[in-house]
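Subject: Handing over a structure

Hi,

As promised, I am passing this one on to you, and my notes follow below. Please have a look at the sequence and the model first, then read on.

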Amino acid sequence: MTPARSRRPGAPTRTERGIPEATVARLPVYLRALTALSDSGIATASSEDLATAAGVNSAKLRKDLSYLGSYGTRGVGYDVEYLRYQIAREIGVTQDWAVVIVGIGNLGHALANYSGFGTRGFRIVALLDADPSLVGERIGEMVVRDFAELEEIVASDRVSIGVITTPAGPAQEVCDRLVAAGVTSILNFAPVVLSVPDGVDIRKVDLSIELQILAYHEQRKSGEAALPEVPELPATMNGLTDLPSVGGGVGA
Ligand SMILES: NC(=O)c1ccc[n+]([C@@H]2O[C@H](COP(=O)([O-])OP(=O)(O)OC[C@H]3O[C@@H](n4cnc5c(N)ncnc54)[C@H](O)[C@@H]3O)[C@@H](O)[C@H]2O)c1
């Protein structure tokens, strides 16, 4: 009989391929840094260069990349194009992902107007809203469509990712409709915890939490300046620095 697999307490959670979730959360950051290096015509980069471009320390970067089987060449560094391809393949952005955005208010408009998704492998196929006064509005090359068309759009465009930018109240109902229609990944901007069935991935973007983390660091910095001897913080608080950034989440 196969023994039940249990996770060692405190051990990092890992994906099915054995890559720690924290590493997966940093891969889009590396991808963005590599794209910038590639756009500047740089063909190879040392782990230090790459770490600086990505804003992490080089030991962490080397460890992360080792999970992809990428170790660079001693004295030369990493092949920028190849590493970019490896990371894109790992994240799954070598293919085109169809995305719908639900709730085209202030935030929905801002996301709809953002042109950076396409170059990162995400194709916005529909902007949906329940407000009839918004339906038919043109935003760039797209027209806001009625949320009632959701099921038809998800099926015809093979949509796998849904972005929720509605108020908190209707967010769970919108989420349920997305899931029932066949969407299996959700990016939620609404300030509410959504429940999804097994097999559906959900990410929450909350700028106020990110700001609170910055406030914590600010307080710590000013505390250190004012008081020469600041007591050591518990390890769990120090771990806050390992949280993935919001920017990585939305690819902005
Ligand atoms: N995560 C963050 O960091 C962050 C930052 C800003 C705003 N927000 C949140 O994002 C959400 C949107 O903010 P906003 O300022 O754009 O709000 P908004 O009121 O301008 O827009 C919300 C839109 O959702 C639509 N809507 C409402 N119910 C719907 C339904 N059942 N189906 C489809 N569409 C529906 C409305 O018609 C409206 O157009 C809010 O929940 C807000 O709290 C999050």
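By class, how many nonpolar, polar and charged residues does the shell around the ligand have? It has 15 nonpolar, six polar and four charged residues. Here Ala, Val, Leu, Ile, Met, Phe, Trp, Tyr, Cys and Pro count as nonpolar, Asp, Glu, Lys and Arg as charged, and the others, Gly among them, as polar.

Before going further, two notes on how to read this. You are looking at a predicted model, in which local features need pLDDT of at least 70 and side-chain atom pairs count only at pLDDT 80 or more, while totals for chains, interfaces and linings use all residues. Numbering starts from 1 along each chain, as its sequence is written.

**The chain overall**

The chain has 11 helices and nine strands. These are DSSP runs, numbered from the N terminus: helices are H or I with at least four residues, strands are E with at least two. Of its 252 residues, 24% count as buried. A residue is buried if 20 or more other C-beta atoms lie within 10 Å of its own, exposed if 12 or fewer, and partly exposed in between, with C-beta atoms placed from the backbone. Among the contacts with a separation of 6 or more, 57% join residues 24 or more positions apart; two residues are in contact if their C-beta atoms, placed from the backbone, lie within 7 Å.

**Around the ligand**

The ligand is surrounded by 25 residues, and the closest are Gly 103, Gly 105, Leu 107, Pro 170 and Leu 207.

An unreviewed UniProt entry annotates Gly 103, Ile 104, Gly 105, Asn 106, Leu 107 and Gly 108 as "binding site". Such annotations may be inferred rather than shown by experiment; feature names are shortened, and positions follow the numbering used here. Two of these residues are worth a look. Gly 103 sits in the loop between E3 and H5 and is buried, with 26 other C-beta atoms within 10 Å. Leaving out residues up to four places away in sequence, Gly 103 touches Gly 108, Asp 129, Ile 164, Thr 165 and Thr 166. Asn 106 belongs to helix H5 and counts as exposed because it has 9 C-beta neighbours inside 10 Å.

**The nonpolar cores**

The largest nonpolar core has 28 residues, and Ile 101, Val 102, Leu 128 and Ile 164 have the most contacts inside it. Such a core is a set of buried Ala, Val, Leu, Ile, Met, Phe, Trp, Tyr and Cys residues joined through C-beta atoms within 7 Å. Among the elements that each supply at least two residues of this core are strand E3 (97–102), strand E4 (122–129), H5 and H8. A second, separate core of 18 residues includes Tyr 30, Ala 53, Ala 54 and Ile 87.

**The annotated DNA-binding region**

The unreviewed UniProt entry also lists residues 29–68 as "DNA-binding region". Over that stretch the chain is 70% helix and 5% strand, with the end C-alpha atoms 15 Å apart.

Which residues of helix H3 (residues 58–66) are buried? They are Leu 61, Asp 64 and Leu 65. These cover an arc of only 95° around the axis, so they lie on the same side of H3; the arc is that of the directions from the helix axis to the C-beta atoms. They pack against helix H1 (21–39) and helix H2 (47–54), whereas Ala 59, Lys 63 and Ser 66 are exposed on the other side of H3.

Ala 45 lies in strand E1 and is buried, with 22 C-beta neighbours inside 10 Å.

Most residues other than glycine have a negative phi. Arg 158, which is not a glycine, has a positive phi of about 50°. Arg 158 is in the loop between H7 and E7 and counts as exposed, with 12 C-beta neighbours inside 10 Å.

Enjoy exploring!

Best wishes

Methods: A residue is near a molecule or strand if its C-beta atom, placed from the backbone, lies within 6 Å of it.
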